[in-house]
Amino acid sequence: MHSLSSILSLPEAAQTAVGAEVYAGLTARPKTLSPWLFYDEEGSRLFEEITELPEYYLTRTERGIFARHADEILRAAAEGETLAMIELGAGTATKTELLLKAAVRRQEAVDYLAIDVSESPLTVAKQRIEREIPGVTTTPRVADYTTGVADFPADGKRRMVLYIGSSIGNFEPAHAVKLLRDVRAHLSPGDQLLLGVDRVKERSVVVRAYDDEAGVTAAFNKNVLVRINRELGANFNPRLFRHRARWNHEHSRIEMHLESLIAQQVSIGALEMEVKFARGETIHTENSYKFTGHGISSMVERAGFSITQCWTDEREWFGVYLATAV
Ligand code: AVI
């Protein structure tokens, strides 16, 4: 934690979101960088590539659940009412199409609010959905999740919030509960939450998913250094860092780190700072939590929802949970 006066005496770049994050993370011990820094244009492209990798089972498994159960999911969520759908972190919304098609089969016209922090995937999503699924009216909204949900006029419809892809797993447990609770605060009793989460499974399967043969996840992880070089005038040499994926059993999460291959010093021009690395020292860049059924219900219940149904795949690797706002 830095005092206000020490922050105010920092260069201007440290007051920007990226600068503040990098300054705080690289002066912390152990060093960390927040995973949202991954998603510049190249990082978002690399993430799309990850979702197609043979080892990265998450996207494909969740899509399989939607392909098989979309009608049943929509029926359970609607319980005879008309739904308005809201997606948190919608991105290009490719998997969501399966749910939107099922919604249109039920109620002909569907309002779909797609919230994301970046604009270009939302534009792609809106054009594709309106071309391919007549009946869906897409409202793209660049916002953080809770402010995005706040002023969506549902006109008496039952709201169904989608938070899929196990993105909730990238938050610390207390933060995940807070995020869901903030969303809940903008809903009414009976509104629905559909949460897609990656489940605990054999360690080697998870490690491979985050350390693939082709090195795409390694490139995704190292891209954060490239971004800091470009945006903050740093001189990281990504070749002097190694991608690491480690299973942390105690916390039930896979961790990504960047490990310094040598003792080195990096300068970050815009922050007027020098960062020293010992050989083998790491920057912790991401946690991706994996859940048990009990872990999911306790998280969701603490946020003010009650789970009503769950769908999974044959191996029970991924879970799609439907919960009602209580
Ligand atoms: C976006 N999120 C759910 C991904 C995950 O699996 O935690 C991010 C990711 N990191 C490495 N590979 C994919």
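Start by selecting Glu108, which sits in the loop between helix H5 (96-107) and E3. This is a predicted model, and in it Glu108 has a positive phi of about 65° although it is not a glycine. Colour the residue by accessibility: Glu108 is exposed, with a relative accessible area of 66%.

Next, select Ser166. Its phi is also positive, near 60°, in a residue other than glycine. Ser166 belongs to the loop between strand E5 (158-163) and helix H8 (173-184). Is Ser166 buried or exposed? With a relative accessible area of 4%, Ser166 is buried.

For another backbone feature, go to Arg29 and Pro30. The peptide bond that joins them is cis, with omega at about -5°. Pro30 is placed in the loop between helix H2 (17-27) and strand E1 (31-32).

Now turn to the sheet. Select strands E4, E3, E2, E5, E6, E13 and E12, in that order: these seven strands form an open sheet with mixed pairing. Which strands stand at the edges? They are E4 (136-142) and E12 (305-312); each has a single partner strand, so one side of each is left without a neighbour in the sheet. On average, neighbouring strands of this sheet are turned by 20° against each other, direction ignored. Strands of a sheet pair through backbone hydrogen bonds, either parallel or antiparallel.

E3 and E4 pair in the parallel sense, over seven bridges.

Helix H11 lies across strand E6 (192-198), E12 and strand E13 (318-325). The helix runs at about 145° to E12.

The last stop is the ligand. How many residues surround the ligand? There are 15, and the closest are Tyr56, Asn170, Tyr210, Glu286 and Ser288. Show the side chains of three of these residues in turn:

- Asn170: an N or O atom in its side chain is 2.9 Å from a nitrogen atom of the ligand.
- Tyr210: a polar atom of its side chain lies 2.5 Å from an oxygen atom of the ligand.
- Ser288: an N or O atom in its side chain is 2.7 Å from an oxygen atom of the ligand.

On its own the ligand has 340 Å² of accessible area, and the protein covers 96% of that. To finish, select helix H3 (41-50), helix H10 (216-232) and strand E11 (282-289), the elements that give two or more residues to the shell around the ligand.

Definitions and conventions. Residues are numbered from 1 along each chain as its sequence is written. This is a predicted model: local features need pLDDT of at least 70, side-chain atom pairs count only at pLDDT 80 or more; totals for chains, interfaces and linings use all residues. Side-chain values use heavy atoms; hydrogens and water are left out. Two strands pair if DSSP finds at least two bridges between them. Helices (H or I, at least four residues) and strands (E, at least two) are DSSP runs, numbered from the N terminus. Axes are lines fitted to C-alpha atoms, for helices over the stretch in contact, and angles run from 0 to 180 degrees between N-to-C directions. Contact means heavy atoms within 4.5 Å. Buried means under 20% relative accessible area, exposed over 50%, partly exposed in between (1.4 Å probe, protein chains only). A residue is near a molecule or strand if one of its heavy atoms lies within 4 Å of it. A polar contact is a pair of N or O atoms within 3.5 Å; within protein, one must be able to donate a hydrogen and the other to accept it, and residues adjacent in sequence count only if both atoms are side-chain atoms. Accessible areas come from the Shrake-Rupley method with a 1.4 Å probe; for residues, only the protein chains shown count as cover.
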